[in-house]
Amino acid sequence: MKRFVWLAVFALVLASIPAGASTFVAMTRGELAAQSNAVVEGEVLKINSFWSPNGSLIVTEAMVQVTDRIAGEAPSVVIVKTFGGQVGGYNVEAHGFPTFGVGERVVLFLQNQADGTAEVTGYRQGQYRVVRQAGVEMAIPTLEAGVNLVRPDGATVARPKAQRLDALKASVRADFERTSRMAN
């Protein structure tokens, strides 16, 4: 039901935005956490792109070795499914949807799917790349240029900023704890 509401709000907001850019309803870190089954840090081991069963879409699955279960429950290896990818001579770029590279370190907010895979919550809003800058591990948001974030009323929202990995993990754990207290 939550997903339907977000999709309905997204459709209304999208109708009010000029064409030419991908637009998504902005989610706070707390909203991302509340709608996720788990938040993990991991390394991308393998990527596999293929045609959907009806042959109309290219889908990519990334195999992610979980190195830290930041919050929630997740297996040691997660298969993350997203739209877009390359099969044969066809390349589909699904702007705003997560992309992966073998060997990259990531932090992912994940929603379990009925087929045993997971998807990233909030499209790329729930994906960070982990890099070392000046000796400090940083979580870098993956939203690409051309992606706009808006509130449900259509107002533009500032893009998320890079932050220390340890600070992101601490705030996500606090968000999950707060969410679980509210649920009980």
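**Entry 1: glycine 85**

Which residues does glycine 85 touch, not counting residues up to four places away in sequence? I found Ser49, Ile58, Thr60, Tyr90, Asn91 and Val92, where contact means heavy atoms within 4.5 Å. Before going on I noted that this is a predicted model, in which local features need pLDDT of at least 70 and side-chain atom pairs count only at pLDDT 80 or more, while totals for chains, interfaces and linings use all residues. Residues are numbered from 1 along each chain as its sequence is written, and side-chain values use heavy atoms, with hydrogens and water left out.

Glycine 85 is in strand E5, residues 85–87. Helices (H or I, at least four residues) and strands (E, at least two) are DSSP runs, numbered from the N terminus. I looked up its accessibility: at 16% relative accessibility, glycine 85 counts as buried. Buried means under 20% relative accessible area, exposed over 50%, and partly exposed in between (1.4 Å probe, protein chains only). I also checked threonine 99, which is 14 residues from glycine 85 in sequence and 8.2 Å from it in space, C-alpha to C-alpha.

**Entry 2: the whole protein**

I noted 3 helices and 12 strands. Buried residues make up 39% of the 184 residues. Of the contacts with a separation of 6 or more, 58% are between residues 24 or more positions apart.

For confidence I used pLDDT, the predictor's confidence in each residue, from 0 to 100. Its mean over the protein is 87, and 86% of the residues reach 70 or more. Where is confidence lowest, and where is it highest? The lowest is in helix H1 (residues 2–15), at a mean of 43, and the highest is in E7, at 98. Over residues 1–20 the pLDDT is below 50, yet this stretch has 26 contacts in the model beyond near neighbours in sequence.

**Entry 3: aromatic rings**

I looked for aromatic pairs and found 4 in the structure. Rings of Phe, Tyr and Trp (its six-membered ring) pair if their centres lie within 6.5 Å; planes under 30 degrees apart count as stacked, over 60 as edge-to-face and the rest as tilted. Phenylalanine 83 and phenylalanine 97 have ring centres 5.5 Å apart and planes at 90 degrees, so I logged the pair as edge-to-face. Phenylalanine 83 lies in strand E4 (residues 77–83) and phenylalanine 97 in the loop between strand E6 (90–92) and strand E7 (105–112), so the pair ties together parts 14 residues apart in sequence.

Phenylalanine 97 also pairs with tyrosine 123: the centres are 4.9 Å apart and the planes at 85 degrees, so this pair is edge-to-face. Tyrosine 123 is partly exposed, with a relative accessible area of 27%. Ring pairs link Phe24, Phe83, Phe97 and Tyr123 into a cluster.

**Entry 4: threonine 121**

Threonine 121 sits in the loop between strand E8 (118–120) and strand E9 (127–133). Is threonine 121 buried or exposed? I read a relative accessible area of 1%, so threonine 121 is buried. Its side chain makes a polar contact of 2.8 Å with the side chain of serine 36. A polar contact is a pair of N or O atoms within 3.5 Å; within protein, one must be able to donate a hydrogen and the other to accept it, and residues adjacent in sequence count only if both atoms are side-chain atoms.

**Entry 5: serine 171**

Serine 171 lies in helix H3, residues 165–183. I found its side chain in polar contact with the side chain of arginine 29, at 3.3 Å. The side chain of serine 171 also reaches the backbone oxygen of leucine 168, at 2.9 Å.
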